[in-house]
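Subject: Handover of a protein structure

Dear colleague,

Please find below the structure that I am passing on to you.

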Amino acid sequence: QVQLVESGGGLVQAGGSLRLSCTPSGRTFSPYAHGWFRQAPGKEREFVAAINWSGGITSYTDSVKGRFTISRDNAKNTVYLQMNSLKPEDTAVYYCAAEPTPTGGIMLREYEYDYWGQGTQVTVSS
């Protein structure tokens, strides 16, 4: 059963940048779509970005468009979330999610993903 591990979180000043990484804790052989979600204190987990297996299709929530970039390197089994121009409202625990996608599609809803990481904390100070 594949499990995911996120890394790269931390404390950054407003306007700064972080790059999050997502890797499987075990071997994988199937094509997977991936997504990034985040959960701030007192709020529900929300969609941030998603990418298909080939990397040719991406999607972002409006609040991060132009600032965040999701990408992947399948040779390294790694999905990235580059976060630039960070704002205090970006403060949250960020989760990586994965789902087998034989059709190579993209998924935007939390319930569409079966595999999740434990999350990495991103804190943006003002």
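Leaving aside its neighbours within four places in sequence, with which residues is S21 in contact? The answer is V5, E6, S7, W36, T78, V79 and Y80, where contact means heavy atoms within 4.5 Å. S21 itself lies in strand β3, residues 18-24. With a relative accessibility of 14%, S21 counts as buried; buried stands for under 20% relative accessible area, exposed for over 50%, and partly exposed for what is in between, with a 1.4 Å probe and protein chains only.

Before the remaining findings, a note on the source is needed. This is a predicted model, in which local features need pLDDT of at least 70 and side-chain atom pairs count only at pLDDT 80 or more, while totals for chains, interfaces and linings use all residues. Residues are numbered from 1 along each chain as its sequence is written, and side-chain values use heavy atoms, with hydrogens and water left out.

**The protein as a whole**

The secondary structure consists of 11 strands and zero helices. Both kinds of element are DSSP runs numbered from the N terminus, helices being H or I with at least four residues and strands being E with at least two. Read from the N terminus, the order of the elements is therefore β-β-β-β-β-β-β-β-β-β-β.

The protein has 126 residues and a radius of gyration of 14 Å, which agrees with the value near 14 Å that a compact globule would have. The radius is taken over C-alpha atoms, and the globule rule is 2.2 Å times the number of residues to the power 0.38. Along the principal axes, the C-alpha atoms fill a box of roughly 40 × 30 × 25 Å.

Of the 126 residues, 40% count as buried. The accessible surface comes to about 6700 Å², and 46% of this belongs to carbon and sulfur atoms; accessible areas come from the Shrake-Rupley method with a 1.4 Å probe, and for residues only the protein chains shown count as cover. Among contacts between residues at least 6 apart in sequence, 58% join residues at least 24 apart.

There are 11 positive and 11 negative side chains, and the centres of the two sets lie 6 Å apart. Lys and Arg count as positive and Asp and Glu as negative, while His and the chain ends are not counted. The place of a charge is taken as NZ of Lys, CZ of Arg, CG of Asp or CD of Glu.

V48 is placed in strand β5. Its relative accessibility is 0%, so V48 counts as buried. Not counting residues up to four places away in sequence, V48 touches W36, F37, R38, S59, Y60, T61, V64, F68, L81 and Y94. The C-alpha atoms of V48 and D62 are separated by 8.6 Å, and these residues are 14 apart along the chain.

N52 is in the loop between β5 (46-51) and β6 (58-60). Because its relative accessible area is 4%, N52 is buried. The side chain of N52 reaches the backbone nitrogen of I57 at 3.0 Å, and a polar atom of this side chain also lies 3.0 Å from the backbone nitrogen of G56. Not counting residues up to four places away in sequence, N52 touches Y32, A33, I57, R72, G104, G105 and I106.

**Residues in other loops**

S63 is found in the loop between β6 and β7 (68-73), and its 40% relative accessibility makes S63 partly exposed. The C-alpha atoms of S63 and S85, 22 residues apart along the chain, are separated by 12 Å.

S85 lies in the loop between β8 and β9 (92-100) and counts as partly exposed at 40% relative accessibility. Phi of S85 is near 50°, a positive value in a residue other than glycine. N77, in the loop between β7 and β8 (78-83), is not a glycine either and has a positive phi of about 55°. N77 is partly exposed, with a relative accessible area of 34%.

**An exposed strand residue**

Is Q13 buried or exposed? Q13 is exposed, with a relative accessible area of 62%, and is found in strand β2, residues 10-13. Leaving aside its neighbours within four places in sequence, Q13 is in contact with V124 and S125. Q13 and S125 are 112 residues apart along the chain, yet their C-alpha atoms are separated by 4.8 Å.

Yours sincerely

Key:
Polar contact = N/O pair within 3.5 Å; in protein donor to acceptor, adjacent residues only side chain to side chain.
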